[in-house]
Amino acid sequence: MINEIIELRRKGLSFRKIAVELNTTVGKVQYSWNKWMESENQDNSESLHVQKNMNQEKSSVTSTPQTFVPLKGELTAKLVTPQKMFLYWDFSETPKKIVRLYFNQPFEELVTVLRVYDVKDIIFNGKNAHHYYEITVPYQNGYWFVKGLTGNRSFIAELGVLLPETGFFPLYRSNCIQTPAAEIPSGNELHQDLLQFKRYEDRPPKWRNHVSTYSYYEESTKLENKNA
């Protein structure tokens with residue numbers, strides 16, 4: 001049943017509507033959802049490790065735990081390895097009140113998602129990303145790790161909720177981060193050959209401009225006349 005609940009939640013259905021759809025009770029739906037979210041958190045062992053002891057995170061970040069305290073009303077992105085970023089946000093009551101006031105929806109019944117946008121070489125306006133993907137996250141956690149980032153790209157994240165009628169509604173938008181370009185492994189003969197070929201293409205030999213393609217034929221003609 002949990003797979004059906006996950007699918008319906010991603011479509012923006014509330015627990016009450018899911019219970020009607022699956023012919024069960026709201027309590028059972030909420031219980032199954034909470035158990036699944038707990039298992040997701042346990043699988044993300046790195047996130048739990050950082051939550052308990054931030055200064056032991058093995059990454060390129062040397063900041064103290066205090067720097068990971070989110071500013072009020074903000075979503076912050078930090079690159080911790082070349083392919084992984086750390087997102088943390090202010091999980092105050094303000095966004096909940098906004099959703100309840102303007103959309104007449106209980107915040108607790110909505111799906112909270114992170115959208116990660118690829119915005120390399122563009123001025124992002126919320127709709128013009130090269131592509132994006134969504135991750136379902138627990139709002140009250142206040143943080144999440146995103147892995148598998150592509151090298152030499154720019155990323156922006158948004159934290160929001162899925163509304164039944166209009167879909168994704170952003171609450172926070174993060175700063176932009178840049179992932180480093182992938183390096184060519186050393187010691188690989190194929191890569192070394194490619195690099196050498198590239199150098200050759202970039203700097204052609206000097207004799208190329210002084211040798212005519214007709215040189216061979218001119219010399220052959222002279223030799224034939226001499227022997228005649």
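Mentor: Let's start with Arg153, which is partly exposed, with a relative accessible area of 22%. Keep in mind that this is a predicted model. The side chain of Arg153 meets that of Asp118 in a salt bridge, at 2.9 Å from N to O. This pair links distant parts of the chain: Asp118 sits in strand β3, Arg153 in the loop between β5 and β6, and the two are 35 residues apart. Asp118 counts as buried because its relative accessible area is 3%, under the 20% cut-off.

Now stay on β3 and look for Arg115. Its side chain forms a salt bridge with Glu134, at 2.6 Å from N to O. Arg115 belongs to strand β3 and Glu134 to strand β4 (residues 131-136), so this pair ties together parts that are 19 residues apart in sequence. Arg115 is buried, at 15% relative accessible area, whereas Glu134 is partly exposed, at 36%.

The structure holds five salt bridges, and one more is worth a stop. Glu93 and Lys96 meet through their side chains at 3.4 Å, N to O. Here Lys96 is buried, with a relative accessible area of 8%, while Glu93 is partly exposed at 40%.

So what else does β3 do? For that, turn to the largest nonpolar core, which has 24 residues; Leu75, Met85, Leu87, Trp89, Leu114 and Leu159 touch the most other members. Strand β3 (111-118) supplies at least two residues of this core, and so do β1 (75-81), β2 (84-89), β5 (143-147), β6 (154-163) and β7 (167-173). The largest share, five residues, comes from β6.

Pick out Met85 and see who surrounds it. Leaving aside residues up to four places away in sequence, Met85 touches a whole list of residues, including Ala77, Leu79, Val116, Trp144, Phe145, Ala157 and Ile177.

For contrast, go out to the surface. Ile98, Leu101 and Tyr102 form a nonpolar patch there, with about 370 Å² of accessible area together. Leu101 lies in helix α5 (residues 94-103), and its relative accessible area of 65% makes it exposed.

Finally, zoom out. The protein chain has seven helices and eight strands, and buried residues make up 36% of its 228 residues. Of the contacts with a separation of 6 or more, 57% are between residues 24 or more positions apart. The chain exposes about 15,200 Å², with carbon and sulfur atoms supplying 51% of that.

Definitions and conventions. Residues numbered from 1 in each chain as written. Predicted model: local features only at pLDDT ≥ 70, side-chain atom pairs only at ≥ 80, totals over all residues. Heavy atoms only, no water. Patch = residues over 30% accessible without salt bridge, like charges linked within 9 Å, V, L, I, M, F, W, Y side chains within 5 Å. Areas by Shrake-Rupley, 256 points an atom, 1.4 Å probe, with all protein chains shown as cover. Salt bridge = Lys/Arg side-chain N within 4 Å of Asp/Glu carboxyl O. Helix = DSSP H or I, 4+ residues; strand = E, 2+ residues; numbered from the N terminus. Buried < 20%, exposed > 50% of the residue type's maximum accessible area, 1.4 Å probe, protein only. Core = buried A, V, L, I, M, F, W, Y, C linked by side-chain atoms within 4.5 Å. Contact = heavy atoms within 4.5 Å.
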